[in-house]
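Grab your viewer and work through these exercises. Each one gives a task, then a solution in steps.

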Amino acid sequence: MRKYILKRVLYMILTLFLIATITFFLMKLLPGTPYQNQDKMSASQIHMMNEQYGLNKPVWQQYLIYIFGMVHGDLGISFQFSSQPVSYLIATRIGPSLQLGIQAMIVGSVLGILLGAFAAIRKNTWADTLATLLAILGMSIPNFVFAVLLQYILGFKLKLFPIALWDNFSSSILPTIALAMMPLAETARFMRTEMIDVLSSDYIMLARAKGLTQAGVVWHHALRNSLIPVITLAGPLAVNLMTGSMVVENIFSIPGIGEQFVKSITTNDYPTIMGVTMVYSFMLVIVILVVDILYGIIDPRIRLSGSEVSA
Amino acid sequence: MDNILEVKDLKINFGTFAGDVQAVRGVSFNLRKGETLAIVGETGSGKSVTTKAIMGLLDSNAKIASGSIMFAGEDLLKANAHEMAAINGNNIAEIIQDPMTSLDPTMTIGKQVSEPLRIHKSMSKEKAIARTKEVLALVGIQNAEARMKDYPHQFSGGQRQRIVIAMALVNYPKILIADEPTTALDVTIQAQILDLMTELQQKIDTSIIFITHDLGVVAGMADRVAVMYAGKIIEVGTVDEIFYDPKHPYTWGLINSMPTLDTKAKRLYAIPGTPPDLLDPPKGDAFAPRNEYALKIDTEMAPPFFPITATHSAATWLLHPDAPQVTPPPEIVRRQEVYQEMVDKGLDQPNNPEVKLNTPATD
């Protein structure tokens, strides 16, 4: 297991390096420069700025400088936010985004698993139909619509939660719900299908023949087996949350990283684009690693593959 | 011998969009203490559904139209889910066809085999582990203690079926339902598993309901045989009576289509036609359309059971006193002659080794 994780970490580093390289050159292909729309700046000033930030060096040199800096934890200096280091910008803004993302992920997947399992156990009853309806709604309504609806009903009308504020836990509830809808719906739908499949399998029949009650069968056998394919959803769902959070953060005025990312693209703020991309990529490879480790814990057939298997 | 299980007039329908499929249409049989009763019949004859009803494991669209299943003075058809759960795995256990899918892939086999102990017996963990180890060793899993920590995928098909058997027998159930336990295994493993089952049956004194469509297996395993066709039992008798003196034309057809070492014909016999549609079963004898010996009354009225001996009876109008005398197929006549000779010599005792000379799968 340790060897496996070590190998995976090495692959992760390689992946991140490739992402950094590709993003760097793609970014250089973008039209325009960071200073092209600054009417107040003279040509010599722009030349000075370019000189200062190393933008007039050949691209390969810029690349090497960037990679060297990144390895040492230096993500460069932002062009737009009064010359703050990108690592500082990210550090101050990642907190709310991370908190929202993790909360939404936990709420979405736990409720989704429960809802899906419930629908599967009550297959073809009104409860199943209701759960399926919820899942379809969750998937087809974009999270910013949920965000606005929640804001209006629970925040503005009922005054249960702050509308757009970021101070304590209660201000994170509405954005979390809005973000969690999609993972919840997706997990529930997947879980229902898997669980129905598992519940009709031979070993579940035999488990009932052993004298387990319905609840015992679900808890001891069905849940774990249904979870194996569902866990693979975590990767794509995490990506979804990262991109989804950009809009939702805006709606609830949350000082997060998503908002920053959008701004940095429109202003050709190279170091910030690179920095945020790298942070997103890093989180994603971490999620994928966690999924793979979880996968191994839940499914012994994967954990033991590679080791000796007796016939 | 005492009856341990009495099934009376069991009727089970399955609700479908097209209407009710009458899967079991009035099945009655008794299971005696310590015996092996084989239920044979082709796919869809209702044999598995009957045993599912005994364990209360029917699908949700099944409706029990009538009947009773008496076990230990209690009607299992009236038991609720919790009462059934207390009986299943404790008094009545099951082995099913495919060992590759009948074990939970994510649970160690030690845990799976000890599960019935944990459910039914308030046994300490150490005791349960010791018992599990003992039972695994009993079914021939070598190095049982270490292998209890292994997962199903680390075992071969034959080993897995041994584990399933261990799981079924860990509580020493009074009844073991074996639903085609060897169908998914290759022939040499089949023989081993059957031997194991016979051996264990004697050790723990259990009754077995053995469901199969493999007559070779039946001959080697069973004390009595019930032949099912289209949701009904059509003939029941001791294994010798069924194999050597069958009375129902369907049983004739079944035995005729089983090759033996003496089979000379170039082409193996097959019963013509297909089983009837149980959505709308025929009003008379369901086998009549495929039966070359069918009488006129067969299409109008289902035959009752006619007793032949104390242990043997068959539901065919051919046994009615007014029915015309017919000559069964030559293979059956030959068998009847062999049997008559044995009866004359007083060799017709059940489990007489000589009777089973041509039973392929058990040697």
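The radius of gyration here is taken over C-alpha atoms, and the globule rule is 2.2 Å times the number of residues to the power 0.38. This is a predicted model: local features need pLDDT of at least 70, side-chain atom pairs count only at pLDDT 80 or more, and totals for chains, interfaces and linings use all residues. Residues are numbered from 1 along each chain as its sequence is written, while chains are lettered from A and ligands numbered from 1 in the order in which they are written.

**Exercise 1. Check chain B against the globule rule.**

Step 1: Step 3: along the principal axes, the C-alpha atoms of chain B fill a box of roughly 70 × 45 × 35 Å. Step 4: 47% of the 363 residues of chain B count as buried (20 or more other C-beta atoms within 10 Å of the residue's own, with C-beta atoms placed from the backbone).

**Exercise 2. Work out how helix 6 and helix 10 of chain A pack.**

Step 1: helices are DSSP runs of H or I with at least four residues, strands are E runs of at least two, and both are numbered from the N terminus. Step 2: the axes of helix 6 (residues 143-157) and helix 10 (residues 234-251) of chain A come within 9 Å and cross at roughly 25°; axes are lines fitted to C-alpha atoms over the stretch in contact, and angles run from 0 to 180 degrees between N-to-C directions. Step 3: helix 6 and helix 10 of chain A are therefore roughly parallel (under 35 degrees; over 145 is roughly antiparallel). Step 4: contact means C-beta atoms, placed from the backbone, within 7 Å. Helix 6 of chain A brings residues including Phe144(A) and Val148(A), and helix 10 of chain A brings, among others, Val247(A) and Ile251(A).

**Exercise 3. Do likewise for helix 1 and helix 12 of chain A.**

Step 1: helix 1 (residues 2-29) and helix 12 (residues 270-298) of chain A pack at about 155°, with axes 10 Å apart. Step 2: that makes helix 1 of chain A roughly antiparallel to helix 12 of chain A. Step 3: among the residues that meet are Leu16(A) and Ile19(A) from helix 1 of chain A, and Met278(A) and Phe282(A) from helix 12 of chain A.

**Exercise 4. Which elements of chain B give two or more residues to the side that touches chain A?**

Step 1: the contact takes 28 residues from chain B and 22 residues from chain A. Step 2: the elements are helix 2 (81-87), strand 6 (92-95) and helix 3 (109-120) of chain B.

How values were computed:
Two residues are in contact if their C-beta atoms, placed from the backbone, lie within 7 Å. Angles under 35 degrees count as roughly parallel, over 145 as roughly antiparallel, 65 to 115 as roughly perpendicular and the rest as oblique. A residue is buried if 20 or more other C-beta atoms lie within 10 Å of its own, exposed if 12 or fewer, and partly exposed in between; C-beta atoms are placed from the backbone.
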